[in-house]
Amino acid sequence: MKFADREDLLGAAMLGPALAYVILLVGVPFVLAIMLSFSSATAGSLTLTWVGFHNYSTILADPIFLRALRNTAIVTIGSQVLVIVLATAAAQVFRAAFHGKRAARFVLLLPWAVPVSLAAIAWTWIFDSTFSVINWTLRVTGLLHGWLYWLGEPGLALFAIIIVQAWRIFPFATVIVLAGLSSIPQDVVEASIVDGAGFWRRLFKVELPLLLPVIAVAVLFGVVYTATDLGVVYILTGGGPANTTHVLPTLAFQRGVLGADLGQGAAIAVFLVPFLIVVAVLMLRVARRTEVGAGGIGAR
Amino acid sequence: MKRVPLYAAALGFIVFAGFPFYWMFITAFKQNRDLYVGAFDTRHVPWIFNDPPTLEHVRLLFGQTDFLRWVANTLLVIVAVVIITVALAVPAGYSLARLVGRWGGRLGMGIFFTYLIPPTLLFIPFSRVIALLGLQNSLGALILVYPTITVPFCTWLVMGFVRSVPWDIEEQAMIDGYSRLAVIIRIAPRLILPGILTVVVFTFTLVMQEFVYALTFISSVDRMTVSLGVPIALVRGDVYHWGSLMAAALFTSIPLAILYNLFIDRFIQGFTMGAVKG
Amino acid sequence: MSETSAGVEIRQLHKRFKGGDHDAVDGVDLSIRDGELLVLLGPSGCGKTTLLRMIAGLEHPSAGEIYIAGRRVDQDVPPRARGIAMVFQSYALYPHRTVSGNIAFPLEAAHLPRAVIAEKVRWAAELFGIAGYLDRYPRQLSGGERQRVALCRAVVRDPQVFLLDEPLANLDAKLRNTARDELKRFQRQIKRTTVYVTHDQVEAMGLGDRIAVMDRGKVRQVGTPHEVYEDPVDTFVATFLGQPPMNLVEQPGGGGRTLLGFRPEHLLPSDHFGDREPLHPIPLIVRRVEYLGSDRYVYGTVEFAPDATVIAKLPANIGRAIPEEEGGRLDFAVPERALCHFDAQTGARVRR
C-alpha cells in the first residue's frame, strides 16, 4: 500500500517531530541536569569535570540550603492545605446559581490568569514596608498596634509567600473541583437527598468521596506549581532577609546562574525531583483508578 | 445553600481573589501625593481616590519606558512559539489518538508527564545549551525553549480532543475517495479546529506568563518580555514607580483574564486527565 | 448508471483486535450475491459491524480473503478504491458543507467535471426528494433528511456495493417504518448489491433478500427471512428471531438430550386445528395472561418440563373463552410440521 494509506507510517511521521523535540529538549537536559550536579561545571567553561558527590556534600552542609529545603516543604504544604480548603469551599459557592456569577467567575480566575511575576510585584507593593495597605487596614480596625514588616522578617515573609501561592493556585483548583462536581452522576446525589441526607452529610459522605480523585489532581498540580516556582519568592523577597526565605528554585538560580556554579545549582535543583516523582506516581494511580471506573484515560 | 450566606461567601472569595487587582487599578491612576502617604497615617484612606485620578503613570509607562518594546518582543515570541507548538503538537496529538493504535494512550501519558518537569530544574542545563548555541540574551533562546512547556501539554490536549471527535466523518471521507493522508490534511483540521484554537490560546497565555527562562536567558532590557521587564526593569534608578508598574500589570492581566475565561474549561479537560468524565 | 453490479465473496475471514483475547470475527464464509440485499443480523458485539468495516477497508482482517466483484481487496486496496459506498449510523455528514456539498464530495474527490457533478447531485437529490434542501447545512436538517442526504452521497458514487451500518437506528420509531419502505423500493430500483447491518430483527425480516444471522463472530445461518424464521439451524437463531422467541423445552422421554422448539404463535387450543392436522399436544398450565390488543400472550409451564416458561401467542379472535386464572390447565397443541428438535448440548438442529 502507498505511504498515503499506511496508518503506521503516517502515525510515526506525525508523532516523530514532537517526540524528538521532547526527547532532545526535555529528556536530554533532564539527564544533563543530573550529570551537572556531579560535576564542577561553571557557566564560563565548557568542560565537565566529574566531582562525584562533592556538590551534594557541600550543599548538605550548608545551612542556607537546608533552610531552603525546609522552606520549600513549608510553603508547598502550607499553601496546598489552604488551597484544598479554599477550593472545596469556593466550588460549593460557585456551583450555585446567583446574580452576577459570570462577573464573579471572571474575578475568581484573575489570580490564575495573571503572569506570576506581575502578581508577585503587585503583592510586593501590597506588603510594602511603608505603604502596606494591609497594615493600614489592620490598624484602623484596631487589630494591629505595632507594625508588620511583611517581607522583612523571616517568619512573616514565609507566611506572605504561602498566602500568595495559595492565592494564585486556588482559583485553578476551584475550577477543577467544579468540573469534578459537574461530573458526579446527578442521580447519585438525588438518591442521597431522597434517602434523607442534608447538605453537610451529602457533602462529606457522598460528594467529597466521589471528588477525591479530582481534588487529588488539583493538589498534585498545585504541589508542582508551588514547589518548583521561582517567581513569587524571587520577586517578593529575593530569598532575603539574609537568605532566610530561599526555596530550592531561588537558591539554585542564585548559585547556578548568578553565581555561575552550574554544578551546585544543578545539585540544588535535583532535590526537586523527589517531589516530582511522588506527584507523578500519585497521578498515575489516580489515572489508573479512574481508568477502571471510567473505561480509560480520557474516556467519555 | 441559603441566599445570604451564599452571597457573603461569594463576596469573600471575590474580595480575596480580586483585591490585588483593585490595588493595581487604584495605584495606576492615583496621583503621587495621594499614593505615597505612609500607612502609619490612619486618617488618609488608601482604598479610595483622595485626589482626582490621573493618567500620568500610564503616560509615563507608554512614553518613557520600554513597555511597548517588551509587548512587541512578547508578541514576536508568541507568534513563533505558537507556530512551533501547533506544528509539533497537533500532528502528534492526532497521531496518538488515531494512528498509533493502543500504545497511543500510554505514549501520550508519557509525553504529558514531561510537562511536570519544571523550568527550575531545566534552566541550569539549558543555560549551558543556550550558551553553546550562541543564543544567550536573545529572543531565539525563548523561542527554542518555550515549546518544551507547550508541546507536552498541548499534545495531550489535542489527543484528548481528537478522541472526543467521532471517527466516522474521516472514515466516510476515506470511502468517498480520499487517502488517509488526504483525510488528515483536508478533512481533519476542520473537525479539530476548536482543539487547535485551544492550543493557540494556551501557548499565548503561557508565553505571556513565563518568567523563569526569560530571567535566566535575557539580560538586556530592550530584549525582555513583559512578564520579565515589568517586575525587573521598570525601575528608574533604584526607585520603583509603583503607578506605572501597576498600570503595566493591569494592562497585561486583563486580556489574559478574558482569554482564560473563554478557554478555561478546555484547559481543565487537559489537566484532569480523565479524572473527570467529560 | 450501469446495469451490472457484482457480489462480495468472503472466505475464512478472521479479525482479532490488538490486545483482544478472542476473534471479533471468527472464520466467516459468506457469498453475497450480485444485486441482493443481504442483512447481517445479530446482537451487539456479534461482529457484524466489524465484518462490514472489513469489507469497507476500515479494518484490516487478521486472516482470510475478501473479493468484491471478483477482485481481491483485503490486502492493499484502500477504502476509496473498493467500489463501495457506505452509510454510517450517524450519517457522518460533513458539518461544514451544505447538502449539495456533501453529495458532491465523492465526485469532487474523483475530479469529475463541475457540470457532471451538478447534474449528478440534482439527479440524486430528486431521487430522494431533498432537492429543496440543497443549500442547507446538516445541522438544519431533521434526522430523516440527514439520512436521505447520506444515501444520496452513497448513490452518486455509483458503487458496486452499498454498505449500510444501522442506517435507521437514529430515526424515531414512526419514521423508521416509512424509511424502511423507501429504502427497500430504492434498492429494488437500482438493483445494487447491498450489505445491511442491523440488530433489529423486524428491519432484517422486512428488508433482507437474505439474512445472515451472526453470533460471537460466527455466521450461524444464511437464508431468506422465511428460512431463518421457520427453519432455524440452531437454538441461537431460533431464539434470536421472533417476538416473543421460540419456546424451548426438554423433549419428554428424551433423557434431557433433545430440546423441543415451537413458536408461540403455533401453540394454540387443540380444537382450533382441523381434524387432518397431525398434532403434538402441549398441555399448558397457566401462570398469567397478558392482553396486548391484537394478541394475548399466555405465560405458563408444561408438565413434562416444569422449569421452562412457555409462551403462547393467541390472535385476538382465537380461544377467546380460555380460562385465564392461574393454575388453569389448557388443552393446547402444536402442529407436527411446526416442531423443531435441537441437541440440548450443542444447540444444533436435529433433523428427523
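Q: Which strands form the open sheet of chain C, and in what order?
A: Strands of a sheet pair through backbone hydrogen bonds, either parallel or antiparallel. In chain C of this predicted model, four strands form an open sheet in the order 2-1-4-5, with antiparallel pairing. Strands (E, at least two residues) and helices (H or I, at least four) are DSSP runs numbered from the N terminus, and two strands pair if DSSP finds at least two bridges between them. The edges are strand 2 (25–32) and strand 5 (71–72) of chain C, each pairing on one side only.

Residues are numbered from 1 along each chain as its sequence is written, and chains are lettered from A and ligands numbered from 1 in the order in which they are written. Local features need pLDDT of at least 70 and side-chain atom pairs count only at pLDDT 80 or more, whereas totals for chains, interfaces and linings use all residues.

Q: How many bridges join strand 4 and strand 5 of chain C?
A: Two bridges join strand 4 (residues 63–68) to strand 5 of chain C in the antiparallel sense. Tyr67(C) stands opposite Arg72(C) of strand 5.

Q: At what angle do helix 1 of chain A and helix 6 of chain B cross?
A: Axes are lines fitted to C-alpha atoms, for helices over the stretch in contact, with angles from 0 to 180 degrees between N-to-C directions. Here the axes of helix 1 (residues 7–37) of chain A and helix 6 (residues 119–132) of chain B come within 8 Å and cross at roughly 90°. The two helices are therefore roughly perpendicular, a class that spans 65 to 115 degrees.

Conventions: Parallel < 35°, antiparallel > 145°, perpendicular 65-115°, else oblique.
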